[in-house]
Amino acid sequence: MTTTPPPLLRPRSQPRPRPFGRALCAMVTPFTGEGLLDLDGAQRLAERLVAEGCDGLVLSGTTGESPTLTDAERSALVRAVAEAVGDRASVVAGIGTADTRHSVALALEAEKAGADGLLAVTPYYSRPPQDAVEAHFRAIADACGLPLALYDIPGRTGTRIEPETMLRLAEHPRIVAVKDCAYDLLGTQKVLARAELAYYTGCDEYVLALYAIGGAGYVSTVANVTPRHFRSIIDAFDRGETDEAARLQRLGIALTESMMASGLPGAVTTKALLGALGLPAGPVRAPLRSAGRETTDGLLTEYERLMAAT
């Protein structure tokens, strides 16, 4: 007598809060060939991403080349994308800087421009202690009426949001979510066990892993080019088809690795592939440099393999 093996993972019965939806894309910021903000391209890209399954769009983040955007460009981008997607998707504005006053000002401008939420990264370069990190985020949340997601990415900022700090910040009524790029599943589970924060993975290789242990969803860079594929992973998991969810996660690993672990920033590889597919992107801004032909061809090959397999 044969028996059917149990699924690799079991769907959770009590989904956690999802303030911005489940499937979010860390959208690139399209530029013209001259390096100017391409608002028409941004609207067309946003429309495609929402039509292909994205519940939310995160603007002016790492993939959106936020360090190179002016304050006016950030606001204009929020207005244009919010106008394009309406109430079909959440628009989350990246407002994190190394200066608390500047971040507060950007939060207020994003609210005026029509954002649905905010994403604030840990202050970088100055490497503040944990009490200062906490005060920074509280200042933003106190100043603005929008829900705030904390962006924990110590590999870029040099400073972690420690789990105990995260738990204290979770007590603030407007601090509702985390974009988790800390690569610390143990620390993440400690917070998930004790707080009602919505955890979104910002690491494409962890989409299923974090979702399966109680995460709210993902903020994906690779979803700029494959929004339906990443949505299919969590959809399969929610249907209880956990073996299928695992299979789909594994199918995307080659493209994820070529885009996110090739030694080039995700903004560079994503824009190269979007351009090759005829989608709005344009060049990256200095100090980044656009990908070469060989790199772009390799990305396109992996993309085509994934599309053929799904």
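Mentor: Strands (E, at least two residues) and helices (H or I, at least four) are DSSP runs, numbered from the N terminus. This is a predicted model, in which local features need pLDDT of at least 70 and side-chain atom pairs count only at pLDDT 80 or more, while totals for chains, interfaces and linings use all residues. Residues are numbered from 1 along each chain as its sequence is written, and side-chain values use heavy atoms, with hydrogens and water left out.

Now to strand 6, residues 175–180: 6 of its 6 residues are buried, so the strand is largely enclosed by the rest of the structure. Buried here means under 20% relative accessible area, exposed over 50%, and partly exposed in between (1.4 Å probe, protein chains only).

Strand 6 has a parallel partner in strand 5 (residues 148–152), joined to it by 5 bridges. In this pairing, Val178 of strand 6 stands opposite Leu150. Strand 7 (residues 198–201) also runs parallel to strand 6, with 4 bridges between them. Here Val178 has Tyr199 of strand 7 opposite. To get from strand 6 to strand 7, the chain passes through helix 7 (residues 185–192), making a right-handed β-α-β crossover. Right-handed means that, with the strands pointing away from the viewer, the path from the first strand over the helix to the second runs clockwise.

Key:
Pairing = 2+ DSSP bridges.
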